[in-house]
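Here is a briefing on the structure shown below. The points are grouped by topic, beginning with the ligand shells.

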Amino acid sequence: MQYSLPQDICAKSYGGFMLIISPSSGNWIVLDSQQQVDILKSIIDGLTLEEVRERFDVQEVAKVCAQIEGRNFVRAVPEPEEAFTLRLYMTNKCNLRCTHCFMYASEALNDELTTDEILRLLEECRSCGCVKVILTGGEVLMRKDFGDVVRAADSLGMYVQVLTNGTLWTEQSVRELSPYIDEVQVSIDGYDEASNAEIRGRNTFALAMNALDMFTRKQNIFTSAVITPTYEGLEAHRKDYTDFMKGLAAKYRDRNFLVIMQNELIDGRNLKADPERNRLMTQTVKAIHEEVYENSELTAFIMNHRDGRIFWNCGYGNLTVSSTGDVYFCGRVHDVKRYANIRETPLGEIMTLRSRVRRFSGVDYVMPCRECEVRYVCGGGCRVKNFPDAVCAENGDFGARVFTRKNECTPQDKENIYRLMIEANSFLMR
Ligand code: SF4
Ligand code: SF4
């Protein structure tokens, strides 16, 4: 018997292990002795398994075979996926005025999409391969037709995710709409009424907590609480935030629930993001997540890679539509270029552009990622942060120029990926 292994294998020594990567398939195996490496080389050189067994320790050969088969190391390179997510900002209207709101939500804008326009958009997107819709605002419940939109998306077979400030839900609206919703994200930015009030306004904490309680009782819905503290609040009250998050995780441990803290801030209503403070915040939040959920970084990595998924890009290239129909390819609409409006451009044309934008901002086309051996494992990170030229490029630039990463991808960044690949390996065996 002979394995047909990838031809582009490269090896990285890390932490006493040998990480064997196939860059072209985004797959890897982990070996733990020089003999195993020699066995793999012999297999690549064309020796049959019988010949390899005659030359090497049979148990070591078995370990290498277990890796090759358990990790499906012979698999072909999957095609880039066509399925996409639609993020729809349903309205700019919001009952709150959160200090950091990156949508600057307040009143409804003139000329927001009508119910018919939204329903048509959902149908057209579905027929173009949209599998998931994220409904957000403003506050989604400020739209009277929110229930109609949720039901329509569900009836089209889409995965429906709702982002909400949680303050307007009642037992009745949760009961009526929860059958059509797959996921709810409730924003809670403080660890108690006073800290939450500083960011989201007074008397919102208990309401949002109540919404969490109502949604977590619905087992068909994956509920998350997403916390966006201020830099100062996190620095001064790290323990309070950590205890709050641990309390939520414990309270809802038997439910379909996760509590997450944003790991950096972006510009918003009264907020100017600071790169250095974001760097520190990322470290702090990573440590908090590890305290709240043991091995949270590794668990997230395993979840992302358990299906052998290839990461061609970040979420950039999914479709975002504003409340007035403007089209973007990322939800951070103030940081990326507006490419069209659904009232002016047929969706088919938008889809063609979307494919080009996603492809040519993907890891196969940007530098240095296209030369990186873990490009399909990493995906290149946030395009807004790392490739600002790409997210603001003219239509004609896609395919005509190579975008280069603005900030350095450091050896430590890569080593963190190697570490996760090695630690995740045994969990990813079939
Ligand atoms: S560019 Fe950044 S914010 Fe936008 S989808 Fe990618 S990771 Fe998300
Ligand atoms: S960001 Fe760094 S690790 Fe990720 S694909 Fe690009 S070069 Fe590789």
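Ala, Val, Leu, Ile, Met, Phe, Trp, Tyr, Cys and Pro count as nonpolar, Asp, Glu, Lys and Arg as charged, and the others, Gly among them, as polar. By that scheme, the shell around ligand 1 holds five nonpolar, one polar and two charged residues. The model is predicted.

**Ligand shells**

- The residues surrounding ligand 1 are C314, G315, Y316, C330, R332, C382, R383 and V384.
- Around ligand 2 there are 13 residues. C369, C372, R375, C378 and C409 come nearest to this ligand.
- By class, the shell around ligand 2 splits into eight nonpolar, two polar and three charged residues.
- Two helices, α14 and α17, each contribute at least two residues to the shell around ligand 2.
- Helix α17 gives the most to that shell, with three residues.

**Helix α17**

- This helix covers residues 411–428 and has 18 residues. From first C-alpha to last it reaches 25 Å, close to the 26 Å expected at 1.5 Å a residue.
- A bend of about 25° occurs in α17 at I422.
- Y418, L420, M421, A424 and L428 are buried in α17.
- The packing partners of these buried residues include three strands: β1 (10–14), β2 (17–22) and β3 (27–31). The helices α12 (296–305) and α14 (375–378) also pack against them.

**Helix α13**

- Helix α13 runs over residues 347–360. Its 14 residues should span 20 Å at 1.5 Å a residue, and its end C-alpha atoms are 20 Å apart, so the two values agree.
- Buried in α13 are L347, I350, R354, V357, R358 and F360.
- The cover over these buried residues includes helix α4 (115–127). It also includes β10 (319–321), β11 (326–328) and β12 (340–341).

**Parallel strand pairs**

- Strand β5 (residues 130–136) pairs with β6 in the parallel sense, over four bridges. In this pair, K132 stands opposite Y159 of β6.
- Why is strand β6 described as largely enclosed by the rest of the structure? Five of the six residues of β6 (residues 159–164) are buried, so the strand is largely enclosed.
- Strand β7 (residues 183–187) and strand β8 (residues 222–227) pair in parallel over five bridges. Q185 has S224 of β8 as its bridge partner.
- β8 is also joined to strand β9 (residues 257–261), in parallel and by five bridges. Here S224 has L258 of β9 as its bridge partner.

**R87**

- R87 sits in strand β4 (residues 84–89).
- Is R87 buried or exposed? R87 is buried, because 22 other C-beta atoms lie within 10 Å, and 20 or more is the cut-off for a buried residue.
- Apart from neighbours within four places in sequence, R87 is in contact with I134, T136, N318, T320 and G331.
- N27 is 60 residues from R87 along the chain. The C-alpha atoms of these two residues are separated by 30 Å.

Key
Residues numbered from 1 in each chain as written. Chains lettered and ligands numbered in written order. Predicted model: local features only at pLDDT ≥ 70, side-chain atom pairs only at ≥ 80, totals over all residues. Expected span 1.5 Å × (residues − 1). Bend = angle between axes of the 7 residues up to and from the residue. Buried ≥ 20, exposed ≤ 12 C-beta atoms within 10 Å, placed from the backbone. Contact = placed C-beta atoms within 7 Å. Near = placed C-beta within 6 Å. Pairing = 2+ DSSP bridges.
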